[in-house]
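Dear colleague,

Please find below the sequence and structure for your attention. I would be grateful if you could read the notes that follow alongside them.

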Amino acid sequence: MKKNFLFEKKNLSLVKRLRIKEKRDLKNGLRLNRNERVKNFEKGILEKIFKKTKEYDLGKYPDHEIIYNSLSKFLKIKKENLLISSGSDGSIKSIFEIFLSKNDKIAVLSPTYAMYQVYNDVFKTKLIKINYDENFKLNKKKLFKVIKESNIKALFIPNPNQPIEDIINNIEMKKICQLCKKKNILLVVDEAYYMFGAPTAVKLINSFDNIVVLRTFSKSFGLPSIRFGFFIANKKIIDILNSYRLSYESNFLTDTVVKYFIDNFKIVKKYINQVKVGREYTRNECLKLNYNVIGKFSNFLLIDFRSNELKVKLVKKLTKNKIYVKSNYQGILKNCILVTCGTKNIMSKLIKIFKN
């Protein structure tokens with residue numbers, strides 16, 4: 001029997017993946033479980049975004065020069081330091097594909113974004129986890145030890161991290177970057193939640209050619225559906241990434257949405273401020289109930305009920321009321337849930353269940 005050449009590749013990775021099924025009532029429920037934009041956009045927003053679209057726009061290839069100019073001006077960063085990607089997820093995948101090889105050692109914070117583990121398994125790299133302790137504090141001694149002694153090729157630092165929000169300030173980040181430079185380590189700083197109050201490492205790209213900053217429009221812009229993100233880095237790194245890019249990094253429809261919200265940033269800014277108010281309200285109310293709460297610089301809060309029995313009871317009550325939260329944690333997070341923050345009015349519905 002003739003062999004199928006597709007299955008002859010010896011290093012073919014077969015990683016079991018599941019698509020997240022939409023089991024939420026999006027019309028009547030509160031989607032607080034995926035760090036999305038919680039409050040719906042105003043009615044008629046799509047008509048406003050595509051009002052100036054021409055009939056021929058759908059029938060031609062996209063002109064990315066327009067979106068690069070718009071993004072560069074908005075960020076006050078040169079175009080040569082930018083490259084568009086498919087959200088932070090697409091950026092992370094590209095780094096694995098381009099800069100890492102089989103059996104290369106990489107390091108990530110733990111727990112963190114699940115896709116780091118997935119791509120580690122797909123590309124067969126060797127993952128070193130830098131853990132948080134039972135008090136939800138990052139082991140920074142281990143962090144620096146890993147950089148100095150573990151012979152890693154890449155260090156991934158979400159700043160802030162999730163589900164345990166942890167901030168690495170600019171002084172610490174510069175020190176990490178300097179040490180990585182000496183050890184020839186690529187430092188990848190994932191700033192998915194930037195604009196909710198966290199510091200940024202962007203200025204380091206002017207002094208270091210071993211750092212890549214990842215950004216996305218999914219969180220602070222509240223646009224996860226359009227899958228738009230970008231790299232910020234020294235021209236040397238951008239040129240390498242650019243040489244491996246697809247013919248078109250994005251598409252006309254996505255670019256049109258992005259440009260609209262850049263040009264009308266007041267919409268984004270208003271929502272960010274509303275999220276901050278809702279976050280602080282939720283945080284304070286949870287503290288009054290003697291829950292442990294972590295989160296000051298993101299659009300989510302990690303709530304520790306200090307009791308798995310209480311957590312399970314509350315989650316059942318929330319689900320019954322169509323309030324969706326993330327609660328499938330194990331280990332040090334077994335008593336915790338993660339809630340996405342929205343406006344104060346939205347979050348008051350969550351607090352009402354807690355109080356009852």
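The notes below cover the sheet, the helices and the salt bridges in turn.

This is a predicted model, in which local features need pLDDT of at least 70 and side-chain atom pairs count only at pLDDT 80 or more, while totals for chains, interfaces and linings use all residues. Residues are numbered from 1 along each chain as its sequence is written, and side-chain values use heavy atoms, with hydrogens and water left out.

The sheet

An open sheet is formed by 7 strands in the order E2-E8-E7-E6-E5-E3-E4, with mixed pairing. Helices (H or I, at least four residues) and strands (E, at least two) are DSSP runs, numbered from the N terminus, and two strands pair if DSSP finds at least two bridges between them. Strands E2 (82-85) and E4 (126-131) stand at the edges; each has a single partner strand, so one side of each is left without a neighbour in the sheet. On average, neighbouring strands of this sheet are turned by 20 degrees against each other, direction ignored.

Strand E3 (residues 105-110) runs parallel to E4 and is joined to it by 6 bridges. Val-108 stands opposite Lys-129 in E4.

Helices on the sheet

Helix H4 (residues 115-123) lies across E3, E4, strand E5 (154-158) and strand E6 (186-190), and runs at about 160 degrees to E4. Helix H6 (residues 170-182) also packs on the sheet, where it touches E5, E6 and strand E7 (211-216). The direction of H6 makes about 150 degrees with that of E6. Axes here are lines fitted to C-alpha atoms, for helices over the stretch in contact, and angles run from 0 to 180 degrees between N-to-C directions.

A helix pair

The axes of helix H2 (residues 64-75) and helix H8 (residues 252-263) come within 10 Å and cross at roughly 30 degrees. H2 and H8 are therefore roughly parallel to each other (angles under 35 degrees count as roughly parallel, over 145 as roughly antiparallel, 65 to 115 as roughly perpendicular and the rest as oblique). In the contact between them (heavy atoms within 4.5 Å), the H2 residues His-64, Ile-66, Ile-67, Ser-70, Leu-71 and Phe-74 meet Asp-255, Val-258, Lys-259, Ile-262 and Asp-263 in H8.

Salt bridges

The count comes to 19 salt bridges, each being a side-chain nitrogen of Lys or Arg within 4 Å of a carboxyl oxygen of Asp or Glu. For accessibility, buried means under 20% relative accessible area, exposed over 50%, and partly exposed in between (1.4 Å probe, protein chains only).

Lys-48 pairs with Glu-42, with the closest N and O atoms 2.7 Å apart. Lys-48 is partly exposed at 43%, and Glu-42 is partly exposed at 42%.

Lys-140 forms a salt bridge with Glu-172, with 2.9 Å between the closest N and O atoms. This pair links distant parts of the chain, since Lys-140 is in helix H5 (residues 140-149) and Glu-172 in helix H6, 32 residues apart. Lys-140 is partly exposed at 28%, and Glu-172 is partly exposed at 25%.

Lys-288 and Glu-285 meet in a salt bridge at 3.2 Å, N to O. They lie 3 residues apart in helix H9 (residues 265-288), and are therefore separated by about one helical turn. Lys-288 is exposed at 64%, whereas Glu-285 is buried at 10%.

Finally, a network of salt bridges links Glu-22, Arg-24, Arg-31, Arg-34 and Glu-36.

Yours sincerely
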